[in-house]
Amino acid sequence: MTMVTTDSDARASKWSMRSLMAGQSIWIGLIFVALVILFTVISGDAFASLPNARNILAGVAIMIIISLGQMMVILTAGIDLSIGGVLVFSGVVAAMTMNAFAGSIAGILLGLFAAIVSGAVWGLINGFLVTKARIPPIIATLGTLGMSMGLALVLTSGIDLRAPLPLVEGLGSSTVLGFIPWIAIIALALAGVVALVLSQTVFGRHTYAIGASAPAAERAGISVTRHLITVYAVAGLLVGIASFVSLARFGTTTLSGHAEDALKAITAVVLGGTSLFGGIGVVRGVVLGAFIPVILLNGFVIAGVQAYWQQFAIGLVLVVAVYIDRRRHATTGPRRRTKKQQSSPTPIDTHQGR
């Protein structure tokens, strides 16, 4: 029997998806409020204070930027585990560039350019490995994680490099209205740009189409290979920007401080309603989802909880989020996927063979 999808079916499906994403945002908001209340009760003013709120916003800024790139990759049914290594490498290159110019304004701008270019180059490498070498995204990006981190350690001999003081004082420590960190404003501006690109441009429509069905996108005339390379490059570019923001905030390259960045970013993206199976997700959810791992870690630190439990909590949240995503996919997926696609045990190998 041949099934025909009518316009009314398409409209109903679109309306259902909008309702689903709205519901996801509400749940994230409720989790956010619950965590704030919980840590306020446990830690009192140490958590519910203006300085700590600024600290949370600064941490969320970095998480939002890297999560935006991760979201774009996951929308195509891929995944990027190289975030931590690429961020460290880009930060090292930026710090070396700025220090070579004695921290001048021109040197800081060149450092930003170096961070963006190095991040984009690693993203291009990821894209070529996934599309041209036909290596599954999880393996390709795991490999570039090791390569980028290793090169960063070689360049620095394992010693953190310091960022120029003007960068730290001018960007990392400055606020708007005495409360909102400038880096948070930058992150929200980037989120707005990505939201517009994904919702209002051909690039965005192609990204969603590839995630929904790469073969169908190819038949529709979309150059899947070229588009995927671009998506990974843009994700790397965003990580490069995040590395510069991290330098401004912490004042050093923090070589050992980004091992869990990919885990946190994936958690934020999936919590925000982006499906690991591709084709579903909105920036608004990712921005809200980025608060959860940051608040968890911040609250645990203030409450004096051991670091091991912090990692356990983030991992648990990710597992629960992925379980919910699979249940949601099992409910909504049959409308747009074949039985063969539904039986696939994992979305991370989707790009192989394209």
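## Ile42 and helix α1

Ile42 sits in helix α1, which covers residues 7-43. In this predicted model, the residue is exposed, with a relative accessible area of 52%. That value is over the 50% cut-off, so Ile42 counts as exposed rather than partly exposed.

Ile42 and Ala303 are 261 residues apart along the chain. In space, their C-alpha atoms are 6.9 Å apart.

## The protein as a whole

The protein has 354 residues, and 49% of them count as buried. Its secondary structure consists of 14 helices and two strands.

Take the contacts with a sequence separation of 6 or more: residues 24 or more positions apart account for 80% of them.

## Nonpolar cores

In soluble globular proteins, nonpolar side chains tend to be buried together. Here, the largest nonpolar core has 84 residues. Those with the most contacts inside this core include Ile64, Ile65, Ile66 and Leu68, together with Leu167, Val283 and Leu296. Helix α2, residues 50-75, supplies the largest share of the core, with 16 residues. A second core is separate and has six residues, among them Ile210, Ala217, Val224 and Leu228.

What does Leu68 touch, leaving aside its neighbours within four places in sequence? Its contacts are Leu190, Ala191, Val194, Leu238, Val283 and Val286.

## Leu198 in helix α7

Leu198 belongs to helix α7, residues 182-200. Its relative accessibility is 5%, so Leu198 counts as buried.

Tyr208 is 10 residues away from Leu198 along the chain. The C-alpha atoms of Leu198 and Tyr208 are separated by 8.2 Å.

## Helix α4 against helix α10

Two packed helices are described by the angle between their axes and the distance between the axes. For α4 and α10, the angle is about 145° and the axes are 6 Å apart. Helix α10 spans residues 224-250. The crossing of α4 and α10 is right-handed. Which kinds of residue form the contact of α4 with α10? The contact has 15 nonpolar residues, 10 polar residues and no charged ones.

Thr131 is in helix α4, which spans residues 105-131. Thr131 has a relative accessible area of 6%, so it is buried. The side chain of Thr131 reaches the backbone oxygen of Gly127 at 2.7 Å.

## Two positive phi angles

Most residues other than glycine have a negative phi. Ala77 has a positive phi of about 70°, although it is not a glycine. Ala77 lies in the loop between α2 and α3, and α3 covers 83-100. Is Ala77 buried or exposed? Its relative accessibility is 0%, so Ala77 counts as buried.

Thr254 is another residue other than glycine with a positive phi, near 40°. Thr254 is found in the loop between α10 and α11, with α11 at 261-271. Its relative accessible area is 18%. The cut-off for buried is under 20%, so Thr254 is buried.

Key
Residues are numbered from 1 along each chain as its sequence is written. Side-chain values use heavy atoms; hydrogens and water are left out. A nonpolar core is a set of buried Ala, Val, Leu, Ile, Met, Phe, Trp, Tyr and Cys residues joined through side-chain atoms within 4.5 Å. Buried means under 20% relative accessible area, exposed over 50%, partly exposed in between (1.4 Å probe, protein chains only). Helices (H or I, at least four residues) and strands (E, at least two) are DSSP runs, numbered from the N terminus. Contact means heavy atoms within 4.5 Å. A polar contact is a pair of N or O atoms within 3.5 Å; within protein, one must be able to donate a hydrogen and the other to accept it, and residues adjacent in sequence count only if both atoms are side-chain atoms. Axes are lines fitted to C-alpha atoms, for helices over the stretch in contact, and angles run from 0 to 180 degrees between N-to-C directions. A crossing is left-handed if the near helix is turned anticlockwise from the far one by less than a right angle, and right-handed if clockwise. Ala, Val, Leu, Ile, Met, Phe, Trp, Tyr, Cys and Pro count as nonpolar, Asp, Glu, Lys and Arg as charged, and the others, Gly among them, as polar.
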